Amino acid sequence: MTNAAIAQIMREIAVLLDMDGVPFKPRAYEKVAYAIEALDEPLADTYARGGLKAIEQVPGVGKGIAERIEELLTTGRLKYYDELHKKVPVDLSGLTAIEGIGPKHVKALYEALRIRTVTDLEKAARAGKIRDLPHFGEKSEQKILKGIAFLKGHSGRVPLGAVLPLLEEIQARLGKIAGVQQVALAGSVRRRKETVGDGDMLVVSNKPNRVMEFFVGMPEVVDVLGQGPTKSSVKLDGGLQLDLRVVPAESFGAALNYFTGSKAHNVALRKIAIERGLKLNEYGVFRGEQSIAGKAEEDVYAALGLPYIEPELREDAGEIDAARAGKLPRLIRYGEVRGDLQTQTTWTDGANSIEEMVDAARRLGREYMAITDHTKSLAMMGADETKLREQMIAVRALAKQLKGFTLFAGAEVNINRDGTLDIADEVLAELDVVGIAVHSHFNLSRDEMTRRIIRAMENPHADILFHPTGRVINKREPYDVDIDAIIAAAKRTGTALEVDAYPERLDLKDEHVRKAIAAGVKIVIDSDAHSVNHLDYIDYGVATARRGWAEKSDVLNTLPAAQFLASLKGSRRAKRGKRGRS
DNA sequence: GCCGTTTTCGGCCCGACTGTTTTCAGTCG
C-alpha cells in the first residue's frame, strides 16, 4: 500500500472522528497524514527495514497509529477504519473537498438524504432538497453547487511560478490605493513553496472598506467567497483563491507571521508563547491584555525569545529548535547566484540564439553562463560530437569578444540506459561544463535507475547532475531512484547536484537539497532557460535552495567565474585520481 | 492519540466570516 493511500485513510479517520465530535484524536490522525505525505521512503520499506519501531519514528506516530499502519501494510485493510466508515459509508475525501463542506455536513447529508458521492450531492442540490435540512438553506445549496462546479474546473495546487507574477502585480495595484500604508504577500507564496493552493495578502490601511471594494472588484475576480471589513476571499479567473486581510499597523508583523504560516510553524510558536505565559495571535504577542510585540515580525520572534526565522524555513521541520540553539543557517540570498549553467539555444530546442541569451543574462546582472544544448540521443535534434565541436568554436569565438562576462561551452549530455554518456569522453574533456541528465527510459526499476545514474556520475568529465529526479510538477512523477544513494555518490565523486529552477521542475526539491548539503554535497542553481524569458527563473531555484537550508557556500555558482571553473576542474582531477587508484 | 526544559497525566492554537440562527455551529485558514 502506498504512502498516499495510507495518508488518505489517516485523513479520512480524522474526518470520521470529527463527525462525532471526538476531541483531539482527529488532529492526531490528521497530523500523521501530513507527516506520511512528506516521507521519501515508502512506509512498506520502512516497515520491512525496522518493523513497528521504525514506523513509530515518523513524527506524530505513536504506538497506536503505528499498529494501525502495520495492519494496513500487512493485510491491506484496517478494521478500525472500516468500522467507522460503515456508519457513514460515503466518499469522504470527495465530499470534504467541496468548499464549505466539512465533517458535520457530510454526516448530516448522509443521514438525511443518504448522500454518498459528489454526484449524489449535486443531484440533491439541483432538486432543491438541501435547503430544507436543518442548518442548511438556499444559500448553502447554491454554495454547494458553486463549489462542485469549481472542483470540476480546477484541481489542486499550481506551481508557484504560475501565479507569483500576477500576485506581485496585484500587490503593486493594492499599494497604489489611497490610504494603503503597507502591502505584503503571505502564505505559502511567501514561504516560496514549490506549489501553492491559494494566495494570501495583507494590507495596512486606514480605509479598509475602500481596499475591500477595490479587491472584490478587480477584473480577475470571478467570484466573491466572502467580504468583511478585515477579511475577504475571492476566486480569480485562473481558478486561484485569493484571501486579503486588512490589519492595523501595530499588528502588521504579527499578522504577517500568522498568515505566512506554515500552520505547523504557527502552532509551535503558540506553544512557545504559552510556555512563557504569553498569548500569540494575529494581532500581536500579549501578556494578559497588554500587547508586547506585533508591529514587526522580528519583534514577534524576539518576544518569544527567538531570532528571526526566514519564511522559507517555516515548516516546523527543525527550524524552531535550530533557532533556539542559535543554529539557523545563513541562507543563500536572492541575487547571490552569479552564473547560470543550464541554458539551451536555437542549436537545439531553445528559442533564442547564443548571442541573445548572453545579452539577456548580462541584463539580469549575471557574470557568467554556460551554453548547454542537448546531445544526440535525444529524439529531437541533439548535437553529436561534430555539432558540439562546431558550437564550441562559436561559443569560444563569442566568449573572446565579451568584456566582463564569461561564457562557458557546455552540454546537457544524455545518460544512456546503461549509465554511459552519449558523447565521447575526448569531446567531453574539451567542454567547460558537462551536465548529465536522464531523458529516456524513465521506467527502470529503482535499482537499475540508481545504478545507471551513479555510473554516469562516475564519468570523470561529469560535472553536474541536471534535474536529478526528473519530475515535472503536475505532469510527470519523479523516476524511481534512491536519492540517498545519489547524494552519497555525489559526495564520493565530487559531482554537483542541480536545483533546476524551472518552475515546473524545481528538482532537486527542497528536502533533497537539505539532505544533499547535510552530506556535504555542492549544489548549483540553474534556470534551464529555453528562451531569454526564462533566465530570471533562477530566483525560484534560490527559493528551493533556501527551503532546503542552503547557505551561499553550499551553492557552487555563487562563486566568481574563475573560481567556479577552478572548482569544476578540481573535482574532475580528483575523480580521475580516484579512478586511477581503483 | 500523541507528547514531555513544569508533565508518563493532562493538556492539546486562535479568530473571522457565513448562514442559519435568535445566540451559535460549522468551516476555514
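A polar contact, as I use the term in these entries, is a pair of N or O atoms within 3.5 Å. I also note at the outset that the model I am reading is predicted.

**Entry 1: backbone contacts with the DNA**

I looked up histidine 105 and found that one of its backbone N or O atoms lies 3.0 Å from a phosphate oxygen of DNA strand B.

**Entry 2: the surface near DNA strand B**

I then asked which residues come nearest to DNA strand B. Of the 44 residues around it, these are Gly62, Gly137, Ser140, Tyr258 and Arg270. Sorting that surface by class, I noted 15 nonpolar, 15 polar and 14 charged residues. Among the elements that each supply at least two residues of this surface are helix H7 (103–113), helix H9 (138–153), strand S5 (221–227) and helix H14 (263–275). Turning to the DNA side, I recorded that 80% of the atoms of DNA strand B within 4 Å of the protein belong to sugar or phosphate, while the rest belong to bases.

**Entry 3: a sheet of seven strands**

Next I followed an open sheet whose seven strands have the order S11-S12-S13-S14-S15-S16-S17, with parallel pairing. Strand S11 (339–340) and strand S17 (523–526) stand at the edges with a single partner strand each, so one side of each is left without a neighbour in the sheet. Within the sheet, I traced strand S13 (residues 406–414) to strand S14 (residues 433–437), and found that five bridges join these two parallel strands. One place I checked was asparagine 414, whose bridge partner in S14 is alanine 437.

**Entry 4: helices on the sheet**

Helix H17 (residues 354–363) packs on the sheet, where it touches strand S12 (368–371) and S13, and its direction makes about 155 degrees with that of S12. Helix H23 (residues 538–547) lies across S11, strand S16 (496–500) and S17, and I noted that H23 runs at about 150 degrees to S17.

Leaving aside residues up to four places away in sequence, threonine 544 touches Val499, Leu506, Leu508, Lys509, Asp510 and Val513.

Notes:
Residues numbered from 1 in each chain as written. Chains lettered and ligands numbered in written order. Predicted model: local features only at pLDDT ≥ 70, side-chain atom pairs only at ≥ 80, totals over all residues. Heavy atoms only, no water. Pairing = 2+ DSSP bridges. Helix = DSSP H or I, 4+ residues; strand = E, 2+ residues; numbered from the N terminus. Contact = heavy atoms within 4.5 Å. Axes fitted to C-alpha atoms, helices over the stretch in contact; angles between N-to-C directions. Near = heavy atom within 4 Å. Polar contact = N/O pair within 3.5 Å; in protein donor to acceptor, adjacent residues only side chain to side chain. Nonpolar A, V, L, I, M, F, W, Y, C, P; charged D, E, K, R; others polar.
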